[in-house]
Amino acid sequence: MGAQKAARDEEFRTFAGSAWTRLFRTAYLLAGDRHGAEDLVQQALERAYVAWGRVRAADDPPAYVRRILVNEHARRFRRRPAEQLVHDLPERAAPAGTDPDDRAVLLAALGALPPRQRQAVVLRYWEDLTETQTAAAMGCSVGTVKSQASKGLAKLRAASPLNGLTSIGGGR
């Protein structure tokens with residue numbers, strides 16, 4: 001039993017190490033701050049560890065854990081007071097070739113979206129999931145994904161500082 005548990009733990013550690021960066025990026029965009037994102041990923045991975053038998057048997061273990069992450073994010077918003085729902089995003093170094101001002105404006109606007117719209121936009125356009133994958137991660141219908149993503153993109157486009165950015169939801 002001890003060797004089996006050690007092998008299971010090692011398998012989970014390998015999975016968590018390889019999935020951390022992508023989960024963190026998604027969590028950062030959903031939570032809006034580094035510490036909240038780290039907590040969100042940690043909670044998702046804790047739940048995944050407890051259910052590791054089901055997770056590793058799933059058709060797509062990273063998608064299973066992403067769904068856990070999105071559910072954890074949704075639980076947070078149900079528990080938080082309204083005045084804490086929108087907050088400023090910290091300054092971060094942008095990837096090469098990205099205008100840091102554009103990135104900061106986009107992240108701030110994204111942080112102002114309601115939770116479901118933010119989830120739909122982040123999963124659909126930032127994570128580049130299909131509508132079906134996004135629906136599975138959010139636990140809703142494809143129609144809801146389309147509706148929430150459309151509303152979220154409309155709000156992002158309407159945000160006056162974003163008028164100069166041309167790549168918001170480009171071509172989808």
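Helix α2 has 17 residues and reaches 24 Å from its first C-alpha to its last, close to the 24 Å expected at 1.5 Å a residue; that expected span is 1.5 Å times one less than the number of residues. Helices here are DSSP runs (H or I, at least four residues), numbered from the N terminus. This is a predicted model, where local features need pLDDT of at least 70, side-chain atom pairs count only at pLDDT 80 or more, and totals for chains, interfaces and linings use all residues. Residues are numbered from 1 along each chain as its sequence is written, and side-chain values use heavy atoms, leaving out hydrogens and water.

Let's stay with α2. Its buried residues are G36, A37, L40, V41, A44, L45 and A48, where buried means under 20% relative accessible area and exposed over 50%, with partly exposed in between (1.4 Å probe, protein chains only). Seen down the axis of α2, the buried residues fall within an arc of 165°, so they line one face of the helix; the arc is taken from the directions from the helix axis to the C-beta atoms. The face turned away from that buried side carries the exposed residues H35 and V50.

F15 counts as buried because its relative accessibility is 12%.

Methods. Helices (H or I, at least four residues) and strands (E, at least two) are DSSP runs, numbered from the N terminus.
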